Structures are given as structure tokens and as C-alpha cells.
Amino acid sequence: MGGKVYGPYTGRYFKSDTSTDIEHIVSASEGHDSGLCAASAAKKAAFASDQLNLTLAAPKVNRCSTGGKCGYDASEWMPEKNKCWFANRIVEIKTKYTLSVDRAETNALDAVLSKCDSTEMIFYAKDNGPMTVSSNTPASVASTPTTKDALKLFDDNNNGRITCAEARSHGIAPVYKKHPAYPFMRDSDGDGVVCE
């Protein structure tokens, strides 16, 4: 994020990364309860360090305090901001690691995701004006989301198109219609999502 330290749960900026916790979106305890207890040590280590499952959060938000995330699942805690991104990320992580989702969590995730136009992270500028970007999109796209930037950032072979391989290598897949890279990609089924 160009040197900026940002917490997606609150849309807050921090002076330094020492003011934040590295937060597991699906907590270690929730992962354990959902099936990791029987997993190999290698799978547990992969889960614990997977960037798909990591974000930044203020200690008050991450830890076990009033309103804190603690080790709760989605039926027990949702962030103040970026609910669609958060709910989708839980589904991605639990799918990737073949973890269970109980009925209450399923209902909570469905209640959020059924109302989402997009599951991309919303980057709140310091003036609190929202702008949707992918959670892995570089700060230059966050500041200036233009199609020109998309080619400069994601078209590795400079052929005027962005492939799914390029999108994945930059961590922006799946690419949704509102993303600046989308116009340079082939959406063969026309559903508004590429590289799903």
C-alpha cells in the first residue's frame, strides 16, 4: 500500500505496523475446530502462514476485548467495514483447507454474501471516501484506478491483454467487472468475473 498501513476491518490507517496485529481471518482456534485438529503439521503450518488468511487489525479489534474478534467465527463476529470481502475470504480459506462450516456460520455468511455486488476490499481514503479495490491491488491502483494503470501493473508481457496467469501472479484473481484489469481480460461466459 505504498508504505501505508491499513486495517480493512475498520478502514483505519496506522502510523506503523507495530501498532497492528497480524490477524488470521479464520482464527487458529476456528481452524482447529473446523477440521485442522486432524491435519498434518505441514498443513497446519501452511494455514498459519497463508497470506490469503492474513490481514492487519488494531489489537483492540483482533484480541479478546469488548467487540474484539478473538477466535470467533462469522456467526459470532463481523467487521465494521469490508463485510463482503471478509465473508468471501472466509469461504475461500475454508474451501482451500477443506474446513467445515456450521449452520450458524453458513447462515451468517449467506446473509452477508447474498447482498454483495462485489467481494473486493473497500479501501477507505483518509477522508472516509470509499473506493473498491482488490485486497492485493497495489497502492497505485488504489489511488488512481484507471485502465492505463491496469496494463502497466498487470500486463507482464506488454501485449495489451491481461491473462489469468498474470492476474494470479499479481494476486488479483478472481477479477470482477469493476476492477481496472477487467476490460483487458476475456470473460468468455459473460458473468462479470474472470479467472474464477
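Mentor: Residues are numbered from 1 along each chain as its sequence is written. In this predicted model local features need pLDDT of at least 70, side-chain atom pairs count only at pLDDT 80 or more, and totals for chains, interfaces and linings use all residues, while side-chain values use heavy atoms, without hydrogens and water.

Trainee: How many aromatic pairs are there?

Mentor: Rings of Phe, Tyr and Trp (its six-membered ring) pair if their centres lie within 6.5 Å. Planes under 30 degrees apart count as stacked, over 60 as edge-to-face and the rest as tilted. By this rule the count is eight aromatic pairs.

Trainee: Are the rings of Tyr9 and Trp77 stacked, edge-to-face or tilted?

Mentor: Their centres are 5.1 Å apart. The planes meet at 65°, so the pair is edge-to-face.

Trainee: How many residues apart in sequence are the parts that this pair ties together?

Mentor: Tyr9 lies in the loop between β1 (5-7) and β2 (12-14). Trp77 lies in the loop between α3 (59-62) and α4, so the parts tied together are apart in sequence by 68 residues.

Trainee: Is Tyr9 buried or exposed?

Mentor: Buried means under 20% relative accessible area, exposed over 50%, and partly exposed in between (1.4 Å probe, protein chains only). Tyr9 has 2% relative accessibility, so Tyr9 counts as buried.

How values were computed:
Helix = DSSP H or I, 4+ residues; strand = E, 2+ residues; numbered from the N terminus.
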